[in-house]
Amino acid sequence: MNLLLIILTIIILTATGVYVLVQDWRALANRLFVFFVFDAVAYMCVAVMRLASQSREEIWFFHGLTAPLLSIDAWLLIWLILAIFMPHLYVRRGIRWLLAMPYLIMTLFLLLDWYAGFGLVRIPDGLEEGGRPSFPLGPIFAPIVALYTLGGMLAPIIMLLSVVRQNRQALHTALWLSGGIMLSFAAGAFFGELSFTGLNYVSMLPLYLAFGWVTLRYQVFRPSSVALRTAVEHLPDGIVVLDTQRRVRFANRAAQRLVSLIDAGDMPFEDALARAGFNEQTSPDDRIVGLRRFHRDGEVATTLVVSEAAIEGERGSASVLILRDMTTVEQQKAALAASRAALEERTAALEYSLKEIQDRDALITRLTLPLIPLSDGVLAMPLIGAFDGARCEALIALLLKRIEERSARVVLLDLTGITGFDESLAAALRQAADGARLMGAQIALCGVRPDIAESIVHERMRLNGVRLFATMQEGVAALLGHNR
């Protein structure tokens with residue numbers, strides 16, 4: 001009868017593990033559950049070998065494996081709860097091994113205590129009882145059982161309660177698993193006291209059946225569920241799932257950070273936003289693109305943009321919401337607008353400064369290139385300082401403009417005040433002379449100093465069509481006399 005119960009349990013556990021693995025063998029939680037189940041199958045197989053064997057050595061050997069396998073099973077249960085309900089913590093290797101370390105230490109201690117013959121938990125060389133070996137309790141058996149109860153039952157239940165506290169959507173799943181854990185431990189303690197060996201070995205079956213039920217009812221091990229949940233939990237935007245009454249049924253970590261939905265209960269999503277201090281400020285432009293905008297004032301103002309997608313099902317239309325924190329974007333827009341306004345002011349100031357500079361340059365040009373009317377049709381222009389390309393161009397433009405304005409026939413250019421005479425000035429004078437001649441006027445030069453004459457001769461500068469005078473007085477006298 002004992003063997004039949006154990007074999008039946010092995011069949012049930014194997015079928016459960018295969019079913020979960022078929023759902024999605026690549027999902028981490030699915031594979032972890034299979035390890036969890038196969039550890040229980042190994043425990044059952046050890047029980048079969050122990051009950052079927054007639055050799056004291058074989059019974060002793062297999063008996064030493066039962067307690068370590070239970071410790072490993074409790075360790076895998078902790079990891080499985082972590083992977084299903086807290087995947088963001090499971091991916092952190094340090095947390096995983098920190099939780100597994102007590103179970104590993106316990107497993108190694110149990111193996112060493114039994115096979116090294118210390119006899120602290122069970123005495124391996126006990127007396128015969130009913131024709132089979134009996135292994136009396138060791139001095140620390142009770143503390144070890146207490147630790148096993150703490151780590152195998154209380155620790156998983158505490159983790160499940162913490163999951164429910166953070167995520168109310170996991171309430172029913174956590175209750176079923178917690179009930180399976182407590183029922184399994186109660187059955188093990190009860191049948192162990194009554195010395196029902198077969199029932200004692202299959203006492204963990206309620207826990208595995210609870211996993212099977214939540215698999216069918218709540219689809220805990222649906223394809224890629226853990227990978228999808230992990231991805232959703234790590235999204236920077238908030239993801240919220242609403243039921244047909246717009247009650248929150250799931251909210252990832254980003255959504256919980258933006259809007260506290262832990263205590264929302266059966267409150268509609270909009271009411272939960274209002275309770276959190278958000279007021280709707282949806283503009284017509286937002287409605288056109290299918291968005292809703294909510295704003296909350298305070299020490300740190302927050303702006304949320306919510307987009308919604310409907311999910312049609314048999315029970316009605318549910319919704320998936322995407323919550324995006326636009327606070328930073330709004331701040332950046334405001335800063336960009338302020339920067340743009342400051343840039344426009346700066347540009348206007350620079351344009352005004354540039355106009356002032358241009359006006360000043362024009363004034364300086366007029367002052368450095370004064371045109372003095374000597375008589376009707378005769379103008380005099382003293383040239384002062386050095387002439388670069390810009391001043392040469394200004395000279396030509398101003399000269400031709402004044403000839404047109406005053407209908408001048410002769411323009412006398414005084415070179416007394418220039419600091420140097422080079423090819424560029426000579427070219428400018430030739431262009432001025434050619435332009436003036438086309439306009440019916442003539443250019444005359446006076447104040448040709450010896451150094452200027454030497455430069456003209458040395459550089460072989462040609463000033464065709466330009467009259468030359470030694471001094472300003474000679475030029476004025478000649479031009480005015482000729483004009484008469």
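L154 sits in helix α6, which spans residues 141–166; helices here are DSSP runs of H or I with at least four residues, strands are runs of E with at least two, and both are numbered from the N terminus. This is a predicted model, in which local features need pLDDT of at least 70, side-chain atom pairs count only at pLDDT 80 or more, and totals for chains, interfaces and linings use all residues. Residues are numbered from 1 along each chain as its sequence is written, and side-chain values use heavy atoms, with hydrogens and water left out. Here is a quick tour, from a surface patch to the cores and on to the charged pairs.

**Surface patch**
- L154 is partly exposed, with a relative accessible area of 38% (buried is under 20%, exposed over 50%, partly exposed in between, with a 1.4 Å probe and protein chains only).
- Together with L147, L150 and I158, L154 makes a nonpolar surface patch of about 370 Å².
- Patch members have over 30% relative accessible area and no salt bridge; like charges are joined within 9 Å, and nonpolar side chains (Val, Leu, Ile, Met, Phe, Trp, Tyr) within 5 Å.

**Nonpolar cores**
- The largest nonpolar core has 53 residues, and L13, F36, F85, I181 and F211 have the most contacts inside it; such a core is a set of buried Ala, Val, Leu, Ile, Met, Phe, Trp, Tyr and Cys residues joined through side-chain atoms within 4.5 Å.
- At least two residues of this core come from each of α1 (2–23), α2 (28–52), α3 (56–85), α5 (93–115), α6, α7 (171–193) and α9 (205–218).
- Helix α3 gives the largest share of this core, 15 residues.
- Leaving aside residues up to four places away in sequence, F85 touches L160, V163, A170, T173 and L177, where contact means heavy atoms within 4.5 Å.
- Another core, of 31 residues, lies apart from that one and includes V411, L413, A432 and A433.

- V232 belongs to helix α10 (residues 225–233) and counts as buried at 15% relative accessibility.
- Not counting residues up to four places away in sequence, V232 touches I239, F250 and N252.
- V232 and N252 are 20 residues apart in sequence, yet their C-alpha atoms are 6.6 Å apart in space.
- D243, in the loop between β3 (238–242) and β4 (248–251), is buried, with a relative accessible area of 13%.
- The D243 side chain reaches the backbone nitrogen of Q245 at 3.0 Å.

**Salt bridges**
- The whole structure holds 12 salt bridges, each a side-chain nitrogen of Lys or Arg within 4 Å of a carboxyl oxygen of Asp or Glu.
- D237 pairs with R324 in a salt bridge whose closest N and O atoms are 2.6 Å apart.
- D237 lies in the loop between α10 and β3 and R324 in strand β8 (residues 316–325), so this pair ties together parts that are 87 residues apart in sequence.
- D237 is buried at 18% relative accessibility, whereas R324 is partly exposed at 45%.
- E270 and R292 form a salt bridge, with their closest N and O atoms 3.0 Å apart.
- Because E270 lies in helix α12 (residues 269–275) and R292 in strand β6 (residues 291–296), the pair ties together parts 22 residues apart in sequence.
- A network of salt bridges links R246, E270, E280, R292 and E308.
- D434 forms a salt bridge with R437, with the closest N and O atoms 2.5 Å apart; both lie in helix α16 (residues 423–438), 3 residues or about one turn of the helix apart.

Note on methods. Accessible areas come from the Shrake-Rupley method with a 1.4 Å probe; for residues, only the protein chains shown count as cover. A polar contact is a pair of N or O atoms within 3.5 Å; within protein, one must be able to donate a hydrogen and the other to accept it, and residues adjacent in sequence count only if both atoms are side-chain atoms.
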